[in-house]
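Reader: I would like to go through this chain by question and answer. Please keep to what can be computed from the atoms.

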Amino acid sequence: MSLCSVSYKISGAEPHALNDLPTVESVLLDAAGKAGLTAISTAHHRFEPQGLSAVVILAESHIAAHTWPESGTGYVTLTSCRTLTPTQIETVGEMVRRRLRARRVTSSEVTL
């Protein structure tokens, strides 16, 4: 079995969006859907005074976000036992950029 892991580096994002748990969880759930993956459950942790980590457990593995609103940055990492197509990877990245109002989202993929 091989794993596909894609990391999305977020920069220039709207600080409020990065610190808003419903927004970040919604982005993760939508990303899973756009990648054709099955969400099972979610978990999160809020940091003080700002920032959060959130994860969606997938039938195929997981997708997680870590945010630093004070610098407008974050990461989304999607790991799956199913290979994602270049189109799926690009579609997820563009959705993350748009929803978090980021200036830039870059992706890198690793097959494990």
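Reader: Is E60 buried or exposed?
Author: This is a predicted model, in which local features need pLDDT of at least 70, side-chain atom pairs count only at pLDDT 80 or more, and totals for chains, interfaces and linings use all residues. Residues are numbered from 1 along each chain as its sequence is written, and side-chain values use heavy atoms, with hydrogens and water left out. Buried means under 20% relative accessible area, exposed over 50%, and partly exposed in between (1.4 Å probe, protein chains only). The relative accessible area of E60 is 8%, so E60 is buried.

Reader: Which residues is E60 in contact with, leaving aside its neighbours within four places in sequence?
Author: E60 lies in the loop between β3 and β4; helices (H or I, at least four residues) and strands (E, at least two) are DSSP runs, numbered from the N terminus. Contact means heavy atoms within 4.5 Å. With neighbours within four places set aside, the partners of E60 are G36, L37, T38, T79, S80, C81 and R82.

Reader: E90 is also a glutamate by its letter; is E90 buried or exposed?
Author: E90 lies in helix α3. Its C-alpha atom and that of V76, 14 residues apart along the chain, are separated by 13 Å. The relative accessible area of E90 is 62%, so E90 is exposed.

Reader: Which residue in β5 is the bridge partner of V6?
Author: Two strands pair if DSSP finds at least two bridges between them. Strand β1 (residues 4-11) and strand β5 (residues 73-80) run antiparallel and are joined by 7 bridges. Within β5, the partner of V6 is L78.

Reader: What is the phi of S61?
Author: Most residues other than glycine have a negative phi, and most peptide bonds are trans. S61 is found in strand β4, and with 23% relative accessibility it counts as partly exposed. Its phi is positive although the residue is not glycine, near 150°.

Reader: And what is the phi of R101?
Author: R101 is found in the loop between α3 (86-99) and β6 (104-111). Its phi is again positive in a residue other than glycine, near 50°.

Reader: What is omega of the peptide bond that joins E48 and P49?
Author: P49 lies in the loop between β2 (39-46) and β3 (52-58). The bond from E48 to P49 is cis, with omega about 10°.

Reader: What is the radius of gyration of the protein chain?
Author: The chain has 3 helices and 6 strands, in the order β-α-α-β-β-β-β-α-β from the N terminus on. The radius is taken over C-alpha atoms, and the globule rule is 2.2 Å times the number of residues to the power 0.38. For 112 residues the rule gives 13 Å, and the chain is close to this, so it is as compact as a globular protein of that length, with a radius of gyration of 13 Å.

Reader: What share of the residues of the protein chain counts as buried?
Author: The C-alpha atoms fill a box of roughly 40 × 25 × 20 Å, taken along the principal axes. Among contacts with a separation of 6 or more, residues 24 or more positions apart account for 63%. Of the 112 residues, the buried share is 40%.
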